[in-house]
Amino acid sequence: MKTVTVMPSKKKKSWAKWTIHLFPIPALVIYGMFVLYPILAALSYSFFEWKGMSRGDFVGFQNFVTLFTTEPYGSMFWNAFKHNVLYFVLQMVVMNGLALFLAFIIYQKIKGAEFFKAAFFLPRLLSVIVVGFLGKLILNPNFGTLNIILEKIGLESLQRAWLGDPNTALIAIILVNCWFGLGFGVLIFLAGFQSIPAELIEAARLDGAKGFTLLRTIYLPLMVPSITIMGVLTFIQSFEAFELVYAMQGSMGEPYYSTDTLAVFFYRLAFGSSTASGTTAIGLGSALATVLFLFILICTTVFLRFANKKDVQM
Amino acid sequence: MKQGAIWTRPFYYIVVFAMATISLYPILLMMLSSFKTSVEIYKNPLGLPTSFSLDTYRTLLSKIPFTTYFMNSVFVSIVSVVLIVIICSLASFYIARFKFSWNNALFFIFLLGMMIPIKLGIVPLFILMRDLGLINSLWSLVFMNIATGIPLTMLILTGFFRTMPYELEEAARIDGAGNLRVLWHVVLPLMRPALGTVVIINFIAAWNDFFFPLIFITDKVKRTIPVGMMSLFGEHSADWGSLFAGLTLASLPMIVLFFIASKQFMEGLTAGAVK
Amino acid sequence: MKKINKWLFMMPLLIVAALVGCSSNEEPAKETAPVSSTDDHRVEEVSLTIGSWRTEDVAKYEKVIALFNEKHPDIKVSFNPTKNTEYNTVLNTALQAGEGPDIFHLRPYAAGLKLAEAGFVEKINDLQELSTYPEEALIASKDAEGNQYGVPINLSSTQFFYNKKIFADNGLEVPQTWDEFMQLNDTLLEKGITPIAMGTKESWLLSLLHGIVGPAIYEGNDFYKAVLAGEKDFTDPAFIESLQVMNDLKKYFPANSEGLGMDDIRTLFVLEEAAMFPLGSWEIPVVLEMNPDLDFGYFPIPSKMGTKTVTTWVDGSFAINANSENKEAAKVFLEFLTTKEFGELFVKEFSMISAIPGISSDNALLNDLSKSTESEATPYMWVTNFTGGDPTTKTVLETELQGMYLGQVKQEDVAAKVQDNAKTWFAPFQK
């Protein structure tokens, strides 16, 4: 900021300077009251003993120890963790890969680009409850569209109870999530392509670059910022995956914990399973949320550091 | 490009058509199924309904105060989005355009909210809302939408503010404009695409949120559409036609709005998000 | 400059003012209510709210409230249910903050008593009319010290429903012995009819099925009593056999049973594509709503020992919030819930079995079932006694059963896991 030396008296100057500090205040107040305070209060629960819904004594890290060393929590944690990893990998490859490709196609100025953009984005408007319900409908073993289509094209052998089979249930849910989030990725990547200066591409073309070389030397490096942002958002969203799993398979990660994720596991601990018996383990739930938070925080920070450095090199 | 063009173009069209079909089909299926009975859905899942009678919709609308829910949802979503844009513009302007030593830390704190399930703090939140007298008030939802929308909004707006050239701003300052005037007359007009992104993302989130209304709102006349819709799941578990009609009704306002504002939506998202 | 600075100063003020203005928007609404009630101070009007997970019963409870208001016009009641799966979260959050509805639907047995233990539920030991209720009904909301917390509303029972037409067309009769039951299944299978509408996608259906079938394999009430006395546990061979039988039944389930949930199996039964439907009494009105002409009955499951059982428990009680400001009025409403008038209306409107003794219904199916619950009942022990522990023993059973049906767990291991869990908290096993 260069200081501007025109008219204003010193007094007015310092007044104006001071007022700028009011700018972040409304955001800080609301965010502090309704996000930071309740979360910090709840995180502190992880250091207390809980009997049902009443808080007991301070127990230090006991809840964390229990979470990792006592069965069934220990194995549930790692089981859910693996599912989150799969969630992330599949979304990166299928959803973001496809979105990148579709964005590239639209970037080639195809006809009806506006329509396609809108069509891809439409599912994103729906409530997760609706998405989950539609997913269950289409994957229904008896009258779901997927099995019917498989039958019509003679692939009966592939038919299965997608959401009831532990081998396919999680993948099915992740693919529904990809369906839901695809359009957002397309638009982000499209923005990335459109921000590439046309001169750069022309210059590369004149140098004789085309096809794969053009892609590797010009497009991909310049897409790094948008890929980074989608990567980080997908990472956070994958490790917080809850709503869709809950809408489709309930709080038990059915069948047989094959769709359990860390956030679903957290919900089960903190609020009890959604059926009649509402046993809660608030201390363990808070401990799990703390671990999850730290994990996401560390990974995101490390990743962004790494991405920024690479950025600078280019 | 030129050589591959003979087959690449058709290939491109096949891909986008296929993906568009996949994107749109479930929504179409939902709408078609709302005209069917449970038995029809079961016996003839993919076919067209035998009649397009609006009876299901009529009974549904007579049973639930849809207009009330709709108005509540509109109020909550619009107020939330307007406030979030104002509040976050101010804060991200501060973070991105000034270099106070604590700015990075401040930005970081704002982002933390993305990484933790806010549901965790529901009991302290409930107590807070009660002490503020906001239980059963739509304002509890507005505050929650603003607070939970802040991390992503700050991320987008701050990123965008940072990429803007300083020259214009300086010119305005030489003319003697203060901070607010610079923000309002110089910076924000250039930010329209990013603001569009922020508006859309927050509007969708506010419109579809059902967890907080479920907890903070017990008064029936203050329910929002998603909560009203959730009660349908219990009431019509055996009557899929009504259920689909309910889902369609709940989704329709967003879809209509989307078509009306599609262009702004798209431009906003396209131009905004990256940088 | 001046203008802008003023603006700057005004900005936060404006925001604060806007917020205050908005919250004061709420005030008039609050104020008007008391004003109107002081207007007619002949009767002091009280408003009660009821929390529940029965979203499907809104219209029915309106009739209940109307009947209540005939006698007590001065007490306004509003029924505000929350979706079943979110009810615990919503209620627990409000209770922990010292709020919540005046009256709420209490989950039966351990789950509800946990709320009482935390001090959220008002004792209603002095509610005279409860003395006529059978002990089995009261126990659902009574703690170890004998304090009563809830007025039981309905009994639920689980048993096999069957399609009378399919049975008649194939010359089949209601089975009188366990062997007949198994033969019946085989006959149906041979004729290409799905014998049992059941799916394993939602695990709660599995503990429910075990609640019906289990007592037919181990010695029903005897085994139950022995478990309560700590004489037998879940490593007992008879119990393991009951799990084996559960697994054997899988071949009588519909195709793709691992992917079928509640809605799917109900539809199969309603569309007459499956002959039997092992589920709870609460399904009767739902099935009839989908197909009013469906001719179906029920049978108690015949056991290997020659006895017959239907499995019963109390499904819910109404209790008073200990933090309610209208406890007196709430008590008046709870008293009303013990009256014959309510019982008769309940049976008629809800098509469920009333917990009030001696209430009969016009619905023959329901009447017979109601009699069965008096003469052939065995407790649904997973609900009545095993909803303790973390996760609950019931949860462990149903999840492991799901694993068993998916071929990932052996029945011995299911039994061992259930036993291990129960041992951590179930007093008779800790001796």
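Chain B has 14 helices and 0 strands, where helices are DSSP runs of H or I with at least four residues, strands are runs of E with at least two, and both are numbered from the N terminus. This is a predicted model, in which local features need pLDDT of at least 70 and side-chain atom pairs count only at pLDDT 80 or more, while totals for chains, interfaces and linings use all residues. Residues are numbered from 1 along each chain as its sequence is written, and chains are lettered from A and ligands numbered from 1 in the order in which they are written.

Let's stay with chain B for a moment. Read along the sequence, its pattern is α-α-α-α-α-α-α-α-α-α-α-α-α-α. The C-alpha atoms of chain B fill a box of roughly 70 × 70 × 30 Å along the principal axes. Take the contacts in chain B between residues at least 6 apart in sequence: 78% of them join residues at least 24 apart. Here a contact is two residues whose C-beta atoms, placed from the backbone, lie within 7 Å.

Now for the helix pairs, one from each chain. Axes are lines fitted to C-alpha atoms, for helices over the stretch in contact, and angles run from 0 to 180 degrees between N-to-C directions.

| Helix pair | Axis distance | Angle |
|---|---|---|
| α5(B), residues 103-112, and α7(B), residues 138-163 | 7 Å | about 135° |
| α10(C), residues 237-248, and α18(C), residues 411-423 | within 9 Å | roughly 130° |
| α9(A), residues 198-206, and α10(A), residues 211-239 | within 11 Å | roughly 145° |

In chain B, the angle of about 135° makes α5(B) oblique to α7(B). As for the cut-offs, under 35 degrees is roughly parallel, over 145 roughly antiparallel, 65 to 115 roughly perpendicular and the rest oblique. The crossing of α5(B) and α7(B) is left-handed; that is, the near helix is turned anticlockwise from the far one by less than a right angle, with clockwise being right-handed. On the α5(B) side you'll find B:Phe107, B:Phe110 and B:Leu111, which meet B:Ile150, B:Pro151, B:Met154, B:Leu155 and B:Thr158 of α7(B). That contact has 7 nonpolar, 1 polar and no charged residues.

For these classes, Ala, Val, Leu, Ile, Met, Phe, Trp, Tyr, Cys and Pro are nonpolar, Asp, Glu, Lys and Arg are charged, and the others, Gly among them, are polar.

Over in chain A, α9(A) and α10(A) cross in a right-handed way. A:Leu200, A:Ile201 and A:Ala204 of α9(A) touch A:Leu214, A:Thr217 and A:Ile218 of α10(A). The tally there is 5 nonpolar, 1 polar and no charged residues.

Chain A also touches chain B, with 74 residues from chain A and 72 from chain B in the contact. Helix α2 of chain A (residues 25-44) gives the largest share of chain A's side, 12 residues. That side splits into 57 nonpolar, 11 polar and 6 charged residues.

From α10(C) come C:Phe239, C:Ile240, C:Leu243, C:Gln244 and C:Asn247, and from α18(C) come C:Gln411, C:Glu412, C:Val414 and C:Ala415. This contact counts 5 nonpolar, 3 polar and 1 charged.
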